[in-house]
Amino acid sequence: MRTIKLGSSNLDVPVVAVGCMRIDTLERREAERLVHGALEEGAIFFDHADIYGNGACEEIFAEALGMSARTRERVLLQSKCGIREGMFDFSREHILASVDGILKRLRTDYLDVLLLHRPDTLMEPDEVAEAFDELEREGKVRHFGVSNQHPGQIELLKKAVRQPLVANQLQLSITNATMIESGFNVNMENEAALDRDGHVLDYCRLHDMTIQPWSPFQYGFFEGVFLGSDAYPELNVVLDRVAERYSVSTTTLAVAWLLRHPACMQPVVGTTNLDRLRECCRAADVRLTREDWYAVYRAASRPLP
Ligand SMILES: NC(=O)c1ccc[n+]([C@@H]2O[C@H](COP(=O)([O-])OP(=O)(O)OC[C@H]3O[C@@H](n4cnc5c(N)ncnc54)[C@H](OP(=O)(O)O)[C@@H]3O)[C@@H](O)[C@H]2O)c1
C-alpha cells in the first residue's frame, strides 16, 4: 500500500489505517481473518484505544495477530489514552498507567504511536511532558500525537512537550466536513462560515501533523453509514456516478475522497468486514480529479459561496 511519512517523523505509514474499535464484535476466527487479511493488503497500521471494548479490543487484536517478537515487527501499533468514565485525564499518573495497560493487553513492549484521546481541560502541560519523556526514555512509546484537539490546545501542549506531535485524529468524512466547509466561507454571514475547530485543517498542514480522519463512513456522531442511506439521496446518486467512472465501489470512493486532499491524511477505517477493508485499501491507488472531488463535496455539503 502507498505510504506517507507520519507528520514530521521519519515513520512510513500506510495511507489507510485499520481502526480496531469494533473488533470486540467478532468471533476469534473472524478477528484472525480480518487482521491477517489486513496485513496481506499492506494495511499494517492498527489504531487502538485503551477504552475500546474496555480493553478487550487490544487483547482480541493481540490474540488474532498471534503476537510474538516476530509478528510485532510486521505491524505498526497506535493506541490512545486519556478518556475515563465521566472525565478526561491527562495526568502523568494516568498516562503512564494507561500505557502500561495498553502494552500488556497488546502483548508488546512498545507503541509506535501514542495519542492523547480527547482534550482534558484540567491538563497541566508539564505533567504531560514528564509522562512523554518517561515513556520515550523507557522505550515504551516512539511517537506522540493528539486526537480531537484544536490548534490552541496543541500550542499549549507544545509549551512543555519536547517531542514532535505527529498526528491529530479528528472526526472527518464526506458528511462531516465542517473543517473544510468553514475554509470556503471565510468571513461570510452563514452557518457554513462557523469555525468549529480553530482552523485545524490549515494548522495541521502548516505544522506537519498528519490528520487521521475517524469514522470516515458515519454521519452525525455514529448515527449510521451515509452510503446507501435515505438521509443522503442526492449524495448517493453522485457517489454512484463517480464510483462507476473509476470502476470502484462507493466504499473505495469515500476513502479516496479523503485521500485526495493535499493535507496527506490517513483515514482510520472501522469496518470489521475484510471485503470492505480491501475496498478501503484500494482507495490508495485512486486519485480523484478536482471536478469529481468537488462534485462529491457539493452533493454532501451546503452550496459553495
Ligand atoms: N479519536 C477518536 O475520538 C475516535 C472516535 C471514533 C473512532 N475512532 C477510530 O476510528 C475508527 C473508525 O471509526 P468507525 O468504526 O466509527 O468508522 P467507520 O469506518 O466510519 O464505520 C465503520 C462501521 O460502518 C459499518 N459499515 C457499513 N457499511 C459500510 C461500508 N460500506 N463501508 C465501511 N463501513 C461500513 C461497518 O460495519 P462492518 O464492520 O460490518 O463493515 C462498521 O460498523 C475506529 O475503529 C477507531 O479506531 C477514533
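This is a predicted model: local features need pLDDT of at least 70, side-chain atom pairs count only at pLDDT 80 or more; totals for chains, interfaces and linings use all residues.
View 1. The ligand sits in the largest pocket. Around the ligand are 27 residues, of which Arg-22, Asp-47, Thr-271, Thr-272 and Arg-276 come nearest. By type, the shell around the ligand holds 11 nonpolar, 12 polar and 4 charged residues.

**View 2. Side chains facing oxygen atoms of the ligand.** An N or O atom in the side chain of Arg-22 lies 2.6 Å from an oxygen atom of the ligand. For Arg-276, the distance from an N or O atom of the side chain to a ligand oxygen atom is also 2.6 Å. Trp-214 has a polar side-chain atom 3.5 Å from an oxygen atom of the ligand. On its own the ligand has 890 Å² of accessible area, and the protein covers 87% of this.

**View 3. The loop with Asn-54.** Asn-54 belongs to the loop between strand E4 (45–47) and helix H2 (56–65). Most residues other than glycine have a negative phi. Asn-54 is not a glycine, yet its phi is positive, at about 60°. The relative accessible area of Asn-54 is 74%, so this residue is exposed, the limit being over 50%.

View 4. Asn-187 has a positive phi of about 65° without being a glycine. With a relative accessibility of 77%, Asn-187 counts as exposed.

How values were computed:
Residues are numbered from 1 along each chain as its sequence is written. Side-chain values use heavy atoms; hydrogens and water are left out. A residue is near a molecule or strand if one of its heavy atoms lies within 4 Å of it. A polar contact is a pair of N or O atoms within 3.5 Å; within protein, one must be able to donate a hydrogen and the other to accept it, and residues adjacent in sequence count only if both atoms are side-chain atoms. Accessible areas come from the Shrake-Rupley method with a 1.4 Å probe; for residues, only the protein chains shown count as cover. On a 1 Å grid over the protein atoms alone, a cavity is a set of points where a 1.4 Å probe fits but cannot get out, and a pocket is an open set with protein on both sides within 12 Å along at least five of seven lines; lining residues have an atom within 4 Å of a point. A molecule sits in a cavity or pocket if more than half of its atoms lie within 2 Å of its grid points. Ala, Val, Leu, Ile, Met, Phe, Trp, Tyr, Cys and Pro count as nonpolar, Asp, Glu, Lys and Arg as charged, and the others, Gly among them, as polar. Helices (H or I, at least four residues) and strands (E, at least two) are DSSP runs, numbered from the N terminus. Buried means under 20% relative accessible area, exposed over 50%, partly exposed in between (1.4 Å probe, protein chains only).
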